[in-house]
Amino acid sequence: MLGALRRKVAIGGSSASVLGKAIRPGISASRVSVNAGEEILLLQPRGVAHVRNFSHLILPGCSVGLAKTRDVFSSIQSETIMQKSCRAFSSGGGDLVDVVVPFMGESISDGTLATFLKKPGDSVAADEPIAQIETDKVTIDVVSPQAGVIQEYVAKEGDTVEAGAKIAVISKSGEGVAPAAPAEKKSEKAASKPSPPAESVKEDKPKAKGEASPAAEKPKPPSSPPPKQTATEPVLPPKERERRVPMTRLRKRVATRLKDSQNTFAMLTTFNEVDMTNLMKLRSDYKDAFVEKHGVKLGFMSGFVKAAVSALQHQPIVNAVIDGDDIIYRDYVDISIAVGTPKGLVVPVVRDADKMNFAEIEKTINNLAKKANDGTISIDEMAGGSFTISNGGVYGSLLSTPIINPPQSAILGMHSIVSRPMVVGGNVVPRPMMYIALTYDHRLIDGREAVFFLRRIKDVVEDPRRLLLDV
């Protein structure tokens, strides 16, 4: 609003009276013209600083009027001016910063606001996570763009949000932010809630007397007793002993993909068993030297990845995929490693595994597994993959039939190592044995290729020297 007041100005004390009527609390003049017979233009309020500057202006021929003007300003209530100026600066001074949802990936359009890590009134530092968003693949942290105090959340837990959506407001100065409510107040409110039922009990008493009074009414015929339960009817537990929890985005995505895999592929599983004696001896002989040189432990996964690479090169159809009426042959080997996390199953990818040695494979797998368990793995690190290895043996699984990870065409299942009696050279000796399983899409892969593939993995694991000689 622009307020203008026009008054004729007389020389001397009359100017003070005119200014006294024109100026209200919190209003300052941005332009003043003081000469005999000219006009005064008073503009919209702009704060106390402008008022103070105006009161100390020295204009020709107006010394008496300005002195009285200072008297007028001194009589204005300072509290009113300060309150109005503070509200103006807090709303328009750039103190508030919006927190928005970051970019979540090209294939992800939205996510679910899972939880808030901070409460309104809490102080946060720059780049400190304040909320977590669950997507179909990963959990993403929403960080504070600047240091300050959380003023409010404009979204609720469980809301579906898109990239760029505003979820919180942060005050850089912390002014005007109410502190978080203490837990004592909540307990007091909870303690005061049980009082209303007492009034309802009092109201029920006269109703009971009123109901008992009409004794002259005709007695109703006795109702037939409910039918007794037969011995065959199951006795279900009460609903109070059940809990209903909504599925996370990751769990829903995993469920959808696995069911789509069953509905799409003609899945068939073939099995074999592997004698782990030589691979375990290789690991035992060189584990200390391996750690000393490469800084990572030598495990079994690198041996099976190298064996899978060799088998895929011998049977390229297992590395292919059906696309409509065509077959796409992949001339690269990207091995997906299934990792179970507290939040669900994720499948990070070891890129170009055919170009890696044992140490590079172990380092990559350890790094991806750590990120997966910490929840910091990215979308790019899980995209793609031409073949999957799932190691259920770390949980003690003896035998299983893994499900294909679409759009791939096969998956290798590893299991626990168990000492079993085996016939070696005509003698029965104990051997550390592992069952391995290959689930494949029978639309694309015939049983012959699947058995040859699994046989190649068995040969390489039982005699790792084949990798050096390529035989």
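**Entry 1: around D275**

I began with D275 and found that its side chain and that of T277 are joined by a polar contact of 2.6 Å, a polar contact being a pair of N or O atoms within 3.5 Å, where within protein one must be able to donate a hydrogen and the other to accept it, and residues adjacent in sequence count only if both atoms are side-chain atoms. I note here that this is a predicted model, in which local features need pLDDT of at least 70 and side-chain atom pairs count only at pLDDT 80 or more, while totals for chains, interfaces and linings use all residues. Residues are numbered from 1 along each chain as its sequence is written, and side-chain values use heavy atoms, with hydrogens and water left out.

I then looked up where D275 sits, and it lies in strand β9 (residues 267-275); helices (H or I, at least four residues) and strands (E, at least two) are DSSP runs, numbered from the N terminus. Is D275 buried or exposed? D275 has a relative accessible area of 15% and is therefore buried, since buried means under 20% relative accessible area, exposed over 50% and partly exposed in between (1.4 Å probe, protein chains only). Setting aside neighbours within four places in sequence, I listed R431, P432, M433 and E462 as the residues in contact with D275, contact meaning heavy atoms within 4.5 Å. I also noted R420, which is 145 residues from D275 along the chain, with 9.9 Å between the two C-alpha atoms.

**Entry 2: salt bridges**

Side chains of opposite charge can pair when their charged atoms come close. I counted a salt bridge wherever a side-chain nitrogen of Lys or Arg is within 4 Å of a carboxyl oxygen of Asp or Glu, and by this rule there are 15 salt bridges.

- K239 and E242 form a salt bridge at 3.9 Å, N to O; K239 is exposed at 65% relative accessibility, whereas E242 is partly exposed at 44%.
- K281 and D285 form a salt bridge at 3.0 Å, N to O, and they are 4 residues apart in helix α8 (residues 277-294), which means that about one helical turn separates them. D285 is partly exposed, at 47%.
- K371 and E381 form a salt bridge whose closest N and O atoms are 2.8 Å apart. This pair links distant parts of the chain, with K371 in helix α10 (residues 358-374) and E381, 10 residues away, in the loop between α10 and β16 (387-391). K371 is partly exposed at 25% relative accessibility, while E381 is buried at 19%.

**Entry 3: strands**

I followed strand β6 (residues 148-153), to which strand β3 (residues 123-124) is joined antiparallel by 2 bridges; two strands pair if DSSP finds at least two bridges between them. In β6, V149 stands opposite S123. Strand β8 (residues 166-171) also pairs with β6, over 4 bridges in the antiparallel sense, and here I150 stands opposite I170 of β8.

**Entry 4: a helix and the core**

Why should helix α11 (residues 447-462) span 22 Å? It has 16 residues, at 1.5 Å a residue, and the expected span is 1.5 Å times one less than the number of residues; the end C-alpha atoms are 22 Å apart, which agrees. Among the buried residues of α11 I noted F453, L454, I457 and V460.

Lastly I looked at the largest nonpolar core, which has 69 residues, and found that F304, F387 and I389 touch the most other members. Such a core is a set of buried Ala, Val, Leu, Ile, Met, Phe, Trp, Tyr and Cys residues joined through side-chain atoms within 4.5 Å. Helix α9 (residues 300-314) gives the largest share of this core, 9 residues.
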